[in-house]
Amino acid sequence: MKTDKFIEKALKKMFKAVGAEKEFSLDYCKKPEWYMNYTWTNDQVKEYKTWFIKNAMKDLSLTEKGAEREWGYFFLQWGWKQDFSETF
């Protein structure tokens, strides 16, 4: 249950990071390919990752290494598509 609450909190923050906070609902996240509707930049990902790890350590009682691992799972499963145009 603690994990479910954290995922909801993390998703709300993720939507907010790209200016889509009004779109957020758990039902929205059940739609096919919902994660393709927004993109985020490398800077947005870095800022969000810092927030995620800090909050995962606090809310889920994880070590930094454990929070990093959870970040990897979360990012692969839930993360927006990334805008790489600024990289090239």
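Predicted model: local features only at pLDDT ≥ 70, side-chain atom pairs only at ≥ 80, totals over all residues.
Let us start with helix 2, which runs through residues 42–59. At 1.5 Å a residue, its 18 residues should span 26 Å, and the C-alpha atoms at its ends lie 25 Å apart, which agrees. Several of its residues are buried: N42, V45, Y48, W51, F52, I53, N55 and A56. What do the buried residues of helix 2 pack against? Their partners are helix 1 (2–17), strand 1 (39–40), helix 3 (64–78) and strand 2 (81–82). After helix 2 comes S61, and the phi of S61 is positive, near 55°.

Now for the aromatic rings. A pair of aromatic rings is described by the distance of the centres and the angle of the planes. The structure has 20 aromatic pairs. One of them joins F15 and W34: the ring centres are 5.9 Å apart and the planes are at 10°, so this pair is stacked, as an angle under 30 degrees requires. F15 belongs to helix 1, while W34 sits in the loop between helix 1 and strand 1, so the pair ties together parts that are 19 residues apart in sequence. Both F15 and W34 are buried.

W34 also pairs with Y35, here in an edge-to-face way, with 6.0 Å from centre to centre and 80° between the planes. Are these two residues buried or partly exposed? W34 has 5% relative accessibility and therefore counts as buried, whereas Y35, at 32%, counts as partly exposed.

Definitions and conventions
Residues numbered from 1 in each chain as written. Heavy atoms only, no water. Helix = DSSP H or I, 4+ residues; strand = E, 2+ residues; numbered from the N terminus. Expected span 1.5 Å × (residues − 1). Buried < 20%, exposed > 50% of the residue type's maximum accessible area, 1.4 Å probe, protein only. Contact = heavy atoms within 4.5 Å. Phe/Tyr/Trp six-rings, centres within 6.5 Å; stacked < 30°, edge-to-face > 60°.
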